[in-house]
Each structure stands twice: as structure tokens, then as C-alpha cells.
Amino acid sequence: MAADYPDIDIAPFIDHALLNPAATPEQVEQWCDEADRFKFAAVCVYPAYVRLAVERLHGKSPKVCTVIGFPSGATTKASKLYEAQEAADNGATELDVVINLGLLKSGKTNELHREIAEICESTGQTVKAILETALLTDAEKRLAAEICMEAGVAFLKTSTGLYGGATIADVGLLKEVTRERVGIKASGGIRTIEQAIELILAGATRLGTSRGPDLIRQRDRLEKGIGD
């Protein structure tokens, strides 16, 4: 690895995401095969493709992750709960749930807590709360993080990627708030190996990206001292 960057194996950090609404079953299978080949932590697909991903990765190490209430988080509590339960029934073991930002910003924190807690309790799966940090003040980020941790999430996730990506500052803030009680998933706009390593050093324990294989290739070039 280049002198400025430590030798970090980023593969176990990566959630290999395929969240293009035009994605085909063939692409889902490709993403699953890549996740297995590179030994990524998980593949993240839309709920409609959970069963296909579970079948493709049967007996393999990557977990199957899906998104709930994606991308706005503004669906009803009942619909999110149903979506989460159905995804878990179909074999998803990780659920990336977009929180309802309207509840947070209007001070309805008890409702937000109940929504996330019910999903955690009813599914029994790993829940990652998507905070959409680009739309929050630092005070709101801290409050959202505390509410979601109290509700039982296993990870806090920075972004959907639609309104801005993961930043070093946001990951550092979440690391300060969580004090390693839960994981931190940096997601959105991760395109270079340098970004990936800096986010890990800042405190990220997962990286959500559709560019996992390219990041591995970049890492290999860095290790060999080859420029882009």
C-alpha cells in the first residue's frame, strides 16, 4: 500500500449495493457473485430481489441486506414494519431502514423511536438506521443517533446517497456519539480507495457502495505502486 495509506483489507467492510431501480435479475446475480468472490460483508438489493439473492448466496459468506422505506423514509409505520417482516421472512438478515425525518424534525421523537424499535423487535435481524445526514444539523444527527441506538439498531448509516454522500466529519461525529456501541455504515459517493480508507480510519465499520470491485482493483494498484 502507498506510504500515505495503511494496509487495510477493505473487502470485509463492503456492503455491495445494487439499488438502481432498473436493475435486472441478471445484475443481482452478478452482484451476488462479486460479493462472494471478493468476500464482501454483504450484498444490498431491493426487497423484490431478496429471495433471489438468498438463493444465489446460499452457503456463501456474504449476508443479504435490503432497504426498508427507501429512499424517503416517509412511508407509514405499518408499511415499513410489513416490508421489514416480509424481507426477513424472505431471508434478509440485514435491514437498512430509512428513518422518518419529518418525525425527527417536528419533535415527535417517541413516534420515531417506536417505529424503529418495532422493526428491530419484530424481525430480530440486524437493523441499520439510515439517518440521511446531509439533511440534518449536527444536533439532529446526534439526536437521531441516540434515538435509534435506544430503539435497538445495530448500525447507524449516513445516507441513501440521494442527497449527499458520506463525509469524514459525519462519520467522526457518529463515532463520538456511539462510543463503539453500534457500527457505523458510511454510504454514498464512495468512489476511490483513498475515500474508503479515510472513512474506515474515521470510524466506519461498513461501507455502502456499488463500486466494491473497482475499489479492490484500486487497492491492488496502490499496493503495486501503479497510478490510475
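User: Is Y46 buried, partly exposed or exposed?
Analyst: Keep in mind that this is a predicted model. Y46 has a relative accessible area of 22%. Buried would need under 20% and exposed over 50%, so Y46 comes out as partly exposed.

User: Which residue forms an aromatic pair with Y46, 6.0 Å centre to centre?
Analyst: The planes of the two rings stand at 75°. Over 60 degrees counts as edge-to-face, so that's the label for this pair. The partner of Y46 is F70.

User: How many residues apart in sequence are the parts that Y46 and F70 tie together?
Analyst: Y46 lies in the loop between β2 (42-45) and α2 (50-56). F70 is in the loop between β3 (63-68) and α3 (77-89). So the pair links parts whose separation in sequence is 24 residues.

User: Are the rings of F38 and F40 stacked or edge-to-face?
Analyst: Their centres are 5.5 Å apart, with the planes at 20°. Planes under 30 degrees apart meet the cut-off, so F38 and F40 are stacked.

User: Which ring does the charged end of K128 sit over?
Analyst: The charged end of K128 is 5.8 Å from the ring centre. The distance cut-off is within 6 Å, and the ring in question belongs to F155.

User: How much space lies in the largest pocket?
Analyst: The pocket is lined by 22 residues, with T160, G161, G188, G189 and S210 the closest to its centre. By class, the lining has 8 nonpolar, 11 polar and 3 charged residues. The space comes to about 450 Å³.

Technical notes: Residues are numbered from 1 along each chain as its sequence is written. This is a predicted model: local features need pLDDT of at least 70, side-chain atom pairs count only at pLDDT 80 or more; totals for chains, interfaces and linings use all residues. Side-chain values use heavy atoms; hydrogens and water are left out. On a 1 Å grid over the protein atoms alone, a cavity is a set of points where a 1.4 Å probe fits but cannot get out, and a pocket is an open set with protein on both sides within 12 Å along at least five of seven lines; lining residues have an atom within 4 Å of a point. Grid points are joined across faces, edges and corners, and a volume is the space filled by probe spheres set on the points. Ala, Val, Leu, Ile, Met, Phe, Trp, Tyr, Cys and Pro count as nonpolar, Asp, Glu, Lys and Arg as charged, and the others, Gly among them, as polar. Rings of Phe, Tyr and Trp (its six-membered ring) pair if their centres lie within 6.5 Å; planes under 30 degrees apart count as stacked, over 60 as edge-to-face and the rest as tilted. Helices (H or I, at least four residues) and strands (E, at least two) are DSSP runs, numbered from the N terminus. Buried means under 20% relative accessible area, exposed over 50%, partly exposed in between (1.4 Å probe, protein chains only). A charge sits over a ring if NZ of Lys or CZ of Arg is within 6 Å of the ring centre and within 35 degrees of the ring normal.
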